[in-house]
Amino acid sequence: KVSQGYWSVLLITFLVQLFWFFGIHGTNVLAPVTESIWTTALIANVNAYHNGKTLPYMWTRTDFDLYVWIGGAGSTLLLLLAILIFSKREDQRAVAKVSLVPGIFNINEPVMFGMPVVLNPIYFIPFVLAPLVMVSISYAALKFGLVNPVRAQITWAMPPFLNAFLGTMDWRSIVLQAVNMVIGFFIYVPFVIAANNMKPEAE
């Protein structure tokens, strides 16, 4: 029951981001919590769906991957897109180009350690803020029944949109994911523009 509360979902999202910023794999470090609690909810939903019963849980482990960590923790795929569109720095654009394809499959170590985002004061605020805003929007959408809960277990490496639809079998989940991506993208944009005025040595 605690796992279905807004503050629980918000807290775990914040802690994952905080660990990652300091170079600690927050998703793996907190896996004993996220997997044991929210994956249990996911399995219960999958079983209920196959038995034709009402899904018992609103928020599962997969919801984090679908709506909060798009492209990996911090939704860094959106940072990469913001850099490719707005950045004038060749060093960051080079890393973004290399990191884009892995990012589509939710692998973000190249950008986390190559940009880097880890210990980068410019990107600390959006790296933490974007997922918190996105998880809040997603939680509200599920709470008010605007999107169906997750009913199928999917791999974390599945690309955006495809993972949302297959996980929920609800086209509205794609809309929610797209809305989150747009909002997360625009949260990153001002900081990418600010980074244009910073020299790599200063960072």
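Analyst: The model is a predicted one.

User: Why is Thr39 called buried?

Analyst: The relative accessible area of Thr39 is 12%. Buried means under 20%, so Thr39 at 12% counts as buried.

User: Which residues does Thr39 touch, and what makes them contacts?

Analyst: Leaving out residues up to four places away in sequence, Thr39 touches Thr34 and Arg61. The term contact requires heavy atoms within 4.5 Å.

User: Where does Arg61 belong, and how do you know that α4 is mostly covered?

Analyst: Arg61 is one of the buried residues of α4. In this helix, eight of eight residues are buried; besides Arg61, the list includes Asp63, Phe64, Asp65 and Tyr67. The buried residues of α4 pack against α1 (6-21), α2, α3, α8, α9 and α10 (171-195).

User: What is known of the largest pocket and of the residues around its centre?

Analyst: The largest pocket holds about 470 Å³ of space and is lined by 25 residues. Thr27, Arg61, Asp65, Asn106 and Trp156 lie nearest its centre. Two or more lining residues come from each of α2 (26-29), α3 (31-50) and α4 (61-68).

User: How does the lining of the largest pocket divide by residue class?

Analyst: The lining comprises 10 nonpolar, 11 polar and four charged residues. Trp counts as nonpolar and Asp as charged.

User: Why is Phe161 called partly exposed?

Analyst: Phe161 has a relative accessibility of 37%. Partly exposed covers the range between the buried class, under 20%, and the exposed class, over 50%, so Phe161 at 37% is assigned to partly exposed. Phe161 is located in the loop between α8 and α9 (162-168), and its phi, near 75°, is a positive value in a residue other than glycine.

User: How do you know that the peptide bond from Met115 to Pro116 is cis?

Analyst: The omega of this bond is near -10°, and the bond is cis. Pro116 lies in the loop between α7 (109-114) and α8 (121-143).

User: Why is Leu78 called buried, and what does Leu78 touch?

Analyst: Leu78, in helix α5, has a relative accessible area of 1%. Because buried means under 20%, Leu78 at 1% is buried. Apart from residues up to four places away in sequence, Leu78 touches Met134, Asn180, Met181, Gly184, Phe185 and Tyr188. Leu78 and Tyr123 are 45 residues apart in sequence, with 12 Å between their C-alpha atoms.

User: Which other residues of α5 are buried, and which elements do they pack against?

Analyst: In α5 (residues 76-86), the buried residues also include Thr76, Leu77, Leu79, Leu80, Ala82 and Ile83. The buried residues of α5 pack against α6, α7, α8 and α10.

User: What makes Ser99 a buried residue of α6?

Analyst: Ser99 lies in helix α6 and has a relative accessibility of 2%. The criterion is under 20%, so Ser99 counts as buried. Beyond its neighbours within four places in sequence, Ser99 is in contact with Leu80, Pro110 and Val111.

User: Why is the chain called as compact as a globular protein of that length?

Analyst: The chain has 10 helices and zero strands. Its radius of gyration is 17 Å, close to the 17 Å that the globule rule gives for 203 residues, so the chain is as compact as a globular protein of that length. Along the principal axes, its C-alpha atoms fill a box of roughly 60 × 30 × 25 Å.

User: What do burial, contacts and surface show for the whole chain?

Analyst: Buried residues make up 50% of the 203 residues. Of the contacts with a separation of 6 or more, 69% involve residues 24 or more positions apart. The chain exposes about 9,300 Å², of which carbon and sulfur atoms supply 72%.

Technical notes
Residues numbered from 1 in each chain as written. Predicted model: local features only at pLDDT ≥ 70, side-chain atom pairs only at ≥ 80, totals over all residues. Heavy atoms only, no water. 1 Å grid on protein atoms, 1.4 Å probe; cavity = no way out; pocket = protein on both sides within 12 Å on 5 of 7 lines; lining within 4 Å. Points joined across faces, edges and corners; volume = space filled by probe spheres on them. Helix = DSSP H or I, 4+ residues; strand = E, 2+ residues; numbered from the N terminus. Rg over C-alpha atoms; globule rule 2.2 N^0.38 Å. Buried < 20%, exposed > 50% of the residue type's maximum accessible area, 1.4 Å probe, protein only. Areas by Shrake-Rupley, 256 points an atom, 1.4 Å probe, with all protein chains shown as cover.
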